Amino acid sequence: MDQRERELARREEALAKREKELAEKEKQLGFFSQAVRDKKESWYDHIHVSVKTMDRIIWVVSILLAIVVILIILEATGVFKL
């Protein structure tokens, strides 16, 4: 059990270190992330749907855009023909 407890303590320390690094990154991106959050909230004000539904819509549109970009790249390289 002693070795297991040391492993657990080591993992907890590593997790605490990662959380601290993440908090520092968030502080560095503070203004930008706040601006993105404000923009998202302004979108929510114009559309009368729940936040969860709006997030799903954004994800679906993003995935569709990624698929279109991939298809364009494949067609440009000659791998896929439409």
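A quick definition before we start: helices (H or I, at least four residues) and strands (E, at least two) are DSSP runs, numbered from the N terminus. This is a predicted model, where local features need pLDDT of at least 70 and side-chain atom pairs count only at pLDDT 80 or more, while totals for chains, interfaces and linings use all residues. Residues are numbered from 1 along each chain as its sequence is written, and side-chain values use heavy atoms, with hydrogens and water left out.

Q: Why are Glu 7 and Arg 11 said to be about one helical turn apart?
A: Because they sit 4 residues apart in helix α1.

Q: What makes the contact between Glu 7 and Arg 11 a salt bridge?
A: The term asks for a side-chain nitrogen of Lys or Arg within 4 Å of a carboxyl oxygen of Asp or Glu. Here N to O is 3.2 Å, so the pair qualifies.

Q: What is the N to O distance in the salt bridge of Arg 10 and Glu 7?
A: 2.4 Å, so that pair also meets the cut-off.

Q: Why is Arg 11 called exposed, but Arg 10 partly exposed?
A: Buried means under 20% relative accessible area, exposed over 50%, partly exposed in between (1.4 Å probe, protein chains only). Arg 11 has 54%, so it counts as exposed; Arg 10 has 47%, so it is partly exposed.

Q: How do you know that Trp 59 is exposed?
A: Its relative accessibility is 61%, so it counts as exposed. Trp 59 belongs to helix α3 (residues 51-77).
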